[in-house]
Amino acid sequence: MTTSDAWYDQEERMTPDSLLAVTFPLTRWGRNGYEEEPVRAFLNDVHGELVRLVNERASLWQEVQRLRRRILGRENGHDAVLFGKDDAHAHAVQMLSNAQLTADRYVADAQAYSGRVTEEARNRRDEILAQAQQHAEMLLEEARTQARQAAVEAMSRDALPPQNAQERRAVEGELAYLRTFTDVYRQHLRIYTDSIQRMLSDWDNKERTMLPPRPVADLDVPSNAWTPQIAQSRPDPAE
Amino acid sequence: MDVARLKESFARIAMHGDEVPLHFYADLFLKHPETRNMFPVSMEAQRGHLVNALVQIVANVDRLDELTAFLRDLGRDHRKFGALAGHYGAVGASLLATFQHFSGDAWTPELAADWTSAYELVASVMIDAAREDEKRSPAYWTGTIVSVERKAFDVTVLTVQTEPRLEYLPGQSVAVQSAHRPGLWRYYSIANAPRLDGLLDFHVKLIDGGAVSMALTAGSALGERVRLGPPVGALRLDTSSRRDVLLVAGSTGLAPLKAILEQIACLHLPPQVHLFFGAREADGLYDLPALDKMAAQHPWLTVIPAVSADRFYGGETGTLADVVMRSGAWTGHDVYIAGPSEMVHETAARLAGAGTPPDQIHLEDFGWRDR
């Protein structure tokens, strides 16, 4: 393509849309062709890039026009300067816009990061709780099995009511054992759940102390300030 | 005013996409730096709001009735941001400068005159609506968080005292702005019927990465100030109906329904009320103790908790829609549903499908994506 001083003119050029409409010939049998997906992805990239170029070209074209007018004005004897007050404003708008986009990106990144951290915390908590539940069920099941065994043994040894002092003592022994057994397991369980609780609240506290001190924001703004904020998208009270 | 010319001009300007609102706000902030304070740090969502409003206005510029209703709401809505009649001129000037910038050679004196008169019309409708509203209520209410109670891992109940007292109907919600997130407003339902002391409860669910919900639920929120917008929302108790009531609350969707429940409790002859309260896990049934207490006091109230993602849960399990549908016939009930969109719409559709007349089904759909 030859360069021309009229590169901005309306001659027929490749447009972003024409790139998207491009088709490729089918591969022949038995021969490897390009895979379609990467080609499409590449075309998407090219499309995005061309959109950017077109926008840049438009603003450069405006700039060229502006400078041309200045120069022509000077040639015609007007007291023209290359950068006037209007240009300073245009540049300021450009700079402020760029700064705003940077700020937007930072906020979006920070928000995405905090979202990930909270999500991870939530998942970790779910894991801990699931494990605790599993463990508790295991302890209970074990206690149940042992108690069942103890009962079976007591029953099989003598199905009749205790006949004498010796047998009564034996049954009382079994009972005492079972009582102790349940007490011990209850205690185990309590210690276990307490430690889980402690762990969770420690974790919670740590999370809180890790937060940076919050700056004091002032809600009172000058009464002459204007907020042309368009209606926040209200979650429709859909009927 | 040449409507076709305006629409054509706007279509050409809109081709520049995000550049247009970006340019507008930069122009406005440079010419009136004091306006920057009232916007959030990130302007990404704000630019979308502006473009949406412009699209709405231009699309309806020849349907004045619809446009006027939209603009009157917009004008009232802008009071809480601090918009005053005097500021409309500044915005108009920056908007015109922006349109001119993106119109290039197509900008003519006639087009400039069209846009000027269109903006003057828009501004006058918004200003008039705001002025009328001024006679009725303040622009915003200042609130102080007087109690913070963490009810579940990700649900916190805030109690707020306002100045002056905020009058509202049970079921309504207000826009809330945290002192730590200036310029960001999110809607929350008031979770109680009006009280003598005027205190307001809010059930705040922590959304992962949600700017406002994270600020409101942080441990240090006690004593902090918030700003509240005027009460809005169409969900309210049909007091003229003699029908029994079915309340279906998903997670913090409980808030508006609890306010309605408290309102019912004050009625002389309360109807029979079934309240289904659902969450993913038992931990998410954050207000169940208080609801059970109410049910114990009021024989007309039945509370049915349901959990969708824990098959070991001792009570009802499954989605709220499933649990509600298998628990009875609700064709003769007034139904109030609030919670996450999917749950709200599924439950409403299935109730309607089973014969509950649509005009007996009242919804509050919590957007929830971004809080």
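**Figure 1. The largest nonpolar core.** A nonpolar core is a set of buried Ala, Val, Leu, Ile, Met, Phe, Trp, Tyr and Cys residues joined through C-beta atoms within 7 Å. The model shown in this and the following views is predicted. Its largest such core has 67 residues. The residues with the most contacts inside the core are B:Phe202, B:Leu247, B:Val248, B:Ala249, B:Leu257, B:Leu275 and B:Phe276. Which element gives the most to this core? Helix 8 of chain B does, with six residues.

**Figure 2. The six-stranded sheet of chain B.** The sheet is open, and its strands pair in the antiparallel sense. The strand order is 4-3-6-1-2-5. Which strands stand at the edges? They are strand 4 (186–189) and strand 5 (200–205). Each of these has a single partner strand, so one side of each is left without a neighbour in the sheet. On average, neighbouring strands are turned by 45 degrees against each other, direction ignored.

**Figure 3. Strand 1 of chain B and its two partners.** Strand 1 (residues 141–152) of chain B runs antiparallel to strand 6 (residues 225–228) of chain B, and four bridges join them. Here B:Thr144 stands opposite B:Arg225 of strand 6. Strand 1 of chain B also pairs with strand 2 of chain B, again in the antiparallel sense, over nine bridges. A hairpin of two residues joins strand 1 to strand 2 of chain B. Two bridge pairs are picked out. B:Arg150 has B:Thr156 of strand 2 as its partner. B:Thr142 has B:Glu163 of strand 2 as its partner.

**Figure 4. Helix 8 of chain B on strands of chain B.** Helix 8 lies across strand 3, strand 4 and strand 5 of chain B. Relative to strand 5 of chain B, helix 8 runs at about 155 degrees.

**Figure 5. Backbone geometry in two loops of chain B.** Most residues other than glycine have a negative phi, and most peptide bonds are trans. Two sites depart from this pattern. The peptide bond from B:Glu163 to B:Pro164 is cis, with omega near -5 degrees. B:Pro164 sits in the loop between strand 2 (155–163) and strand 3 (173–178) of chain B. B:Ser251 is not a glycine, yet its phi is positive, at about 55 degrees. B:Ser251 belongs to the loop between strand 7 (244–250) and helix 8 (254–265) of chain B. Is B:Ser251 buried or exposed? B:Ser251 counts as buried because it has 25 C-beta neighbours inside 10 Å, where 20 or more are required.

**Figure 6. Helix 2 against helix 3 in chain B.** Helix 2 (residues 19–31) and helix 3 (residues 44–59) of chain B pack at an angle of about 105 degrees. Their axes are 9 Å apart. The angle makes helix 2 roughly perpendicular to helix 3 of chain B. Helix 2 of chain B brings B:Pro21, B:Leu22 and B:Phe24 to the contact. Helix 3 of chain B brings B:Arg47, B:Leu50 and B:Val51. By class, the contact has five nonpolar residues, no polar ones and one charged.

**Figure 7. Helix 1 against helix 5 in chain B.** Helix 1 (residues 3–14) and helix 5 (residues 87–103) of chain B pack at about 75 degrees, with axes 9 Å apart. Helix 1 is therefore roughly perpendicular to helix 5 of chain B. In helix 1 of chain B, the residues in contact are B:Ser9, B:Arg12 and B:Ile13. They meet B:Phe99, B:Phe102 and B:Ser103 in helix 5 of chain B. The residues of this contact divide into three nonpolar, two polar and one charged.

**Figure 8. Chain A.** Chain A has four helices and zero strands. From the N terminus on, its elements run α-α-α-α. What share of the 239 residues in chain A is buried? The figure is 4%. Among contacts in chain A with a separation of 6 or more, 62% join residues 24 or more positions apart.

Notes:
Residues numbered from 1 in each chain as written. Chains lettered and ligands numbered in written order. Predicted model: local features only at pLDDT ≥ 70, side-chain atom pairs only at ≥ 80, totals over all residues. Buried ≥ 20, exposed ≤ 12 C-beta atoms within 10 Å, placed from the backbone. Contact = placed C-beta atoms within 7 Å. Axes fitted to C-alpha atoms, helices over the stretch in contact; angles between N-to-C directions. Parallel < 35°, antiparallel > 145°, perpendicular 65-115°, else oblique. Nonpolar A, V, L, I, M, F, W, Y, C, P; charged D, E, K, R; others polar. Pairing = 2+ DSSP bridges.
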